[in-house]
Amino acid sequence: MTPVLEVAHIRKRFGGITAVDGVSFEVREGEILGIIGPNGCGKSTLFNCILGQLQPSEGGVKLDGRTTTGMRPCDLNRLGVSRTFQLLQIFPRLSVRDNLILAGQEHEGTMLSRLVGPRDAGLTSVADQMIEFFKLGHLADERAGGLSYGQQKLLDVAMAFIAGPRLVLLDEPAGGVNLTMLANLKDRLKAFNAERGATFVVIEHNMDFVMSLCTRVIVLAEGKVLAEGLPAEIRADPAVIEAYLGH
Amino acid sequence: MSHFLGSRASWLAGLLLLAFLLLAPLEFHRYGLYILSQWAVMTIAAIGLNLTLGYAGQVSLAQGAFVGVGAYSAAILTTQGWPLGLAILVAIALCFAIGWILGYPALRVQHHYLAFVTLAFSTLAFLVFRNEAWLTGGTDGIDGVPRPVILGISTKPHLAYYYFCLLVLALVGLAMLWLVRSPWGRAFVALRENPLRALSLGVDTRRYTLMAFAIGASLGGLAGALYAPLVGLVEPPVFTLALSLSLLMMVIVGGSGYFLGPFLGAMVAVLLPEWLRFLESYYLILYSLLVMGLLIYSPTGLIGILDRFLTHRRTRAASAARASLGASIERP
């Protein structure tokens, strides 16, 4: 079966610095792949190369067997690839519901049909379902900027899911989230994976979160793949312990 | 603000304002009607800039130049015998096309860098208005711009032309309300607040940026096409950077990114100086102080004051509801 995502020999240079150095991997349907590594090892740069935010210096990306290298992020998103960022990226002046409607509205019809069509692009009920799914129901009409950090983080993740993506790339979803909210987030991600068959790639520093959520883990160090395997194998890998996990 | 716009009080206020705008001018003299017509025309231009700057977050110092392009288009065509309606369509189309092209630099530069690009266009437009005498009449401008006859009614009387401008303003206002409440409006806000995230959510930020410039510019052109018959004379000094700055002030003072902002901002910029004229030579000093004071008190403009008040009232009501709920739970 064709992998959902194929990353082949991606290399990204910034002047004399090589941030990502020939990274290759595949992500299969329904998989939750974790990418870990010390700060500055090229995880976010790799994400940006996959998602069209940066043009790789070398190498290529395929989505469902189709080459998508250099494709614009908005076009990739419409192909079913969604993402979150390391830092919160919501629209604080819009309501929670409007944030979600915005996240889904560009997936149907044309610009013209969106102008003359319904105000909510027919997404209110879908947005409300997503709000309930992420347990934010009581906040639907609140301005997103007024929510707590953890609630904003849930909204941020919910926005990546509303259009029913095939592949979601999550950049440090657990960063700055308290333990209760973290359990809720993990629970929602697992449910989404199980119920809707979405495939995830997750960058994360929280090892408990990664090891309990992911089915496979890749370790990056200095822009290269250091190790790849099941969570238990990664935990026991001496090279990984030396470079990242510590004793 | 949606609560505000949707409330019964706002509808009542709107109806009262409409009644005032329809009935009060019946008692106005020639100059009063001229000023009120100018308010309507400049509000249309400010609505356009509010879309580009206020909603989509793209800085533009070229709106005055688009008013100029529209005014010259209407003046050139109507003095050649074209009906104003057709001249308006040409002005809108021309400004839409120029605005679209001017939007391209916004795909690469932002903020004050973009302001300088649009400033350069503004200067270029002024030079064309002044130097290309074969087309624009040069420093003499174009005189004798006729007012239209609409459905057999001449708009030569000031009152008739005022109602015509008010009708166009109402149509533009309704169209803009539709636009900003549609998915496009949401996409423009996303473009302003976080273009990176918008792009990752499938929003074609390139196309929306160009569209924000083009629609904003076309409304500037429409305002210009109405301005030309209002004054009857179109000449270069009107369309300098000062007009762009004045329109920018209307948007900022009224409330950038709020639907009603340009209406109020244009009142402050066009009507307030006239109301202060009783102060004779001091009126501009007081006017400047009032505007500065307002922006210090409320950087989000006049509508910002109202928004703060309504948010405060909502928060207080929610706190009271929570307190009463808490009390009822504690009571056995």
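Predicted model: local features only at pLDDT ≥ 70, side-chain atom pairs only at ≥ 80, totals over all residues.
Modeller: Two strands are said to pair if DSSP finds at least two bridges between them.

Biologist: How many bridges join β1(A) to β4(A)?

Modeller: There are 5 bridges between these antiparallel strands; A:E6, for instance, has A:K62 in β4(A) as its bridge partner. A:K62 also stands opposite A:T67 in β5(A), and β4 (residues 58-63) is joined to β5(A) by 2 bridges. On the other flank, β1 (residues 5-14) pairs with β2(A) over 8 bridges, and A:R13 faces A:T18 there. The hairpin of β1(A) and β2(A) has 2 residues between the strands, and A:G15 adopts a positive phi near 60 degrees.

Biologist: Which residues touch the most other members of the largest nonpolar core?

Modeller: In soluble globular proteins, nonpolar side chains tend to be buried together. In this model the largest nonpolar core holds 169 residues, and those touching the most other members are A:L100, A:A158, A:V202, B:M42, B:A74 and B:A223. Helix α11 (residues 205-231) of chain B contributes the most to this core, with 16 residues. Setting aside residues up to four places away in sequence, A:V202 touches residues including A:I32, A:L170 and A:C214.

Biologist: How many residues does each chain bring to the contact between chains A and B?

Modeller: Chain A brings 22 residues and chain B brings 18. On the chain A side, α3(A) gives the most, with 5 residues. That side comprises 11 nonpolar, 4 polar and 7 charged residues.

Biologist: At what angle do α3(A) and helix α9 of chain B pack?

Modeller: Two packed helices are described by the angle between their axes and the distance between the axes. For α3(A) and α9 (residues 183-193) of chain B, the angle is about 100 degrees and the axes are 10 Å apart. Angles of 65 to 115 degrees count as roughly perpendicular, and α3(A) and α9(B) are therefore roughly perpendicular to each other. In this contact, A:D98, A:I101, A:L102 and A:Q105 meet B:P183, B:R186 and B:A190. By class, the contact has 4 nonpolar, 1 polar and 2 charged residues.

Technical notes
Residues numbered from 1 in each chain as written. Chains lettered and ligands numbered in written order. Core = buried A, V, L, I, M, F, W, Y, C linked by C-beta atoms within 7 Å. Buried ≥ 20, exposed ≤ 12 C-beta atoms within 10 Å, placed from the backbone. Helix = DSSP H or I, 4+ residues; strand = E, 2+ residues; numbered from the N terminus. Contact = placed C-beta atoms within 7 Å. Nonpolar A, V, L, I, M, F, W, Y, C, P; charged D, E, K, R; others polar. Axes fitted to C-alpha atoms, helices over the stretch in contact; angles between N-to-C directions. Parallel < 35°, antiparallel > 145°, perpendicular 65-115°, else oblique.
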